[in-house]
Amino acid sequence: MNEVNTLFIMMCALLVLLMTPSLAMFYSGMVKRENTLNTIMNCFIVFGVITLQWIIIGYSLAFGSDSSMGVIGSLEHFALEGISGYNDNGVPNILYVVFQMVFALIASAIITGSLVGRVKLGVLVIFLLIWSTLVYDVLAHMIWSENGFLLSRGGLDFAGGGVVHISAGVAGLVGALMVGPRKERVHISTGAHSVPYAFLGAVLLFIGWLGFNAGSAGALDEIAVNAFIVSIVAAASGYLVWVLMEWIIHKRPTILGSLSGLVAGLVGITPGSGYVGIFSAIIVGGISAIVCYMGLSYIKEKLKWDDSLDAFSLHGIGGVWGGIATGLFASAKVNPAATGEGTLGEGLLISGSYHLLVEQLFGIVVCITLSAAASFVIFRILGLFTDLRVDEKVEQEGLDRALHGENAYNLH
């Protein structure tokens with residue numbers, strides 16, 4: 001055992017685990033008071049469901065020995081059978097299982113933001129269980145497993161721009177379209193019952209995200225330090241650019257808008273955090289805020305989809321830009337093992353070579369196609385057996401009391 005690397009991965013796993021309840025706080029602060037607890041439950045129930053799924057079959061499907069041309073792993077590690085010893089960084093393999101598990105949790109939790117206020121909890125749980133198996137585990141194998149299809153082709157996704165953010169954002173959008181819009185569509189800026197609560201959740205999410213990106217190096221080394229620093233820089237850039245856009249366009253910056261910029265910057269830098277330098281991170285975070293702002297403010301309104309808490313606009317669009325940005329800015333000075341000799345090379349704007357960018361675009365298409373197709377089929381099949389959404393009366397009165405028998409605030 002390498003004690004330093006083991007402690008580092010333990011701390012990063014703890015930080016990433018913090019992201020799921022933090023996201024629940026962030027999401028719940030942005031909904032009306034009567035849906036606060038349901039939003040928290042929708043988000044945090046993945047801790048129970050996906051944890052067990054990951055331990056029983058998820059890890060084996062994602063990281064087991066290849067069984068189908070780099071698309072999915074075998075079931076050799078069913079219920080963590082045969083997990084022992086240490087990896088090349090001296091980290092216990094069982095700890096690596098847990099570190100990867102918390103990534104699976106946050107991916108599923110992101111999806112719930114698109115569906116708050118009208119989806120049945122049972123429908124959501126079954127969907128997330130199947131989606132995690134058919135989409136997340138497959139993408140994790142293709143991109144992160146040693147013989148994965150996309151990794152073998154030279155594609156780069158350091159911490160989950162495609163595996164986590166694109167796949168979850170697209171699934172959220174498909175779910176929002178199939179479940180249908182809320183009966184009473186209230187803009188987040190006027191419907192949020194507690195902006196300070198959302199702020200606290202977003203800041204804790206940001207802190208957890210540093211473990212998400214830095215820990216993906218697998219060891220405490222220069223790559224981990226770079227990922228840690230560029231994540232902070234990109235978050236700051238995204239935050240500031242969003243504030244400035246609101247200030248220029250609407251003449252007043254908002255707290256919720258600024259938090260969206262923070263998240264957009266983090267999403268944008270995630271796939272390239274182990275491959276790009278500090279100056280590139282400023283550009284990546286700022287542009288991520290711009291494209292996510294356009295998606296949220298214009299595309300969403302133009303197409304009239306009810307992505308309740310903008311999971312697609314932030315995670316889907318931001319993840320796509322992050323994958324492209326990796327193909328533009330990846331540098332051998334930062335990570336020679338991934339972008340040096342024997343690889344597809346550096347990004348287009350660093351070396352002038354387009355090979356990595358083309359592969360990044362291919363990987364993005366794979367992530368979008370798989371998640372969209374699987375999500376559509378899963379929701380369509382579930383719709384054959386039950387209504388996907390709660391009764392109209394329950395939706396109008398709020399889901400907390402009707403579904404959980406509780407109120408977030410007992411005001412007397």
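**Surface patch and salt bridges**

Ile290 counts as partly exposed because its relative accessibility is 38% (buried means under 20% relative accessible area, exposed over 50%, partly exposed in between, with a 1.4 Å probe and protein chains only). This is a predicted model, in which local features need pLDDT of at least 70, side-chain atom pairs count only at pLDDT 80 or more, and totals for chains, interfaces and linings use all residues. Residues are numbered from 1 along each chain as its sequence is written, and side-chain values use heavy atoms, with hydrogens and water left out.

Ile290 lies in helix 12 (helices are DSSP runs of H or I with at least four residues, numbered from the N terminus). Ile290 belongs to a nonpolar patch on the surface, whose residues include Trp247, Met294 and Tyr298 and together have about 1100 Å² of accessible area. Helix 10 (222–250) and helix 12 (278–303) each give two or more residues to the patch. The largest share, 6 residues, comes from helix 10.

The structure also holds 5 salt bridges (a side-chain nitrogen of Lys or Arg within 4 Å of a carboxyl oxygen of Asp or Glu). In one of them, Arg153 and Glu359 meet at 3.0 Å, N to O. Arg153 lies in helix 6 and Glu359 in helix 16, so the pair ties together parts 206 residues apart in sequence. Arg153 is partly exposed at 37%, whereas Glu359 is buried at 7%.

Asp306 pairs with Arg182, the closest N and O atoms being 2.7 Å apart. Arg182 is buried, with a relative accessible area of 17%, and Asp306 is buried at 3%. Shared partners join Arg118, Arg182 and Asp306 into one salt-bridge network.

Technical notes. Patches are made of residues with over 30% relative accessible area and no salt bridge: like charges are joined within 9 Å, nonpolar side chains (Val, Leu, Ile, Met, Phe, Trp, Tyr) within 5 Å. Accessible areas come from the Shrake-Rupley method with a 1.4 Å probe; for residues, only the protein chains shown count as cover.
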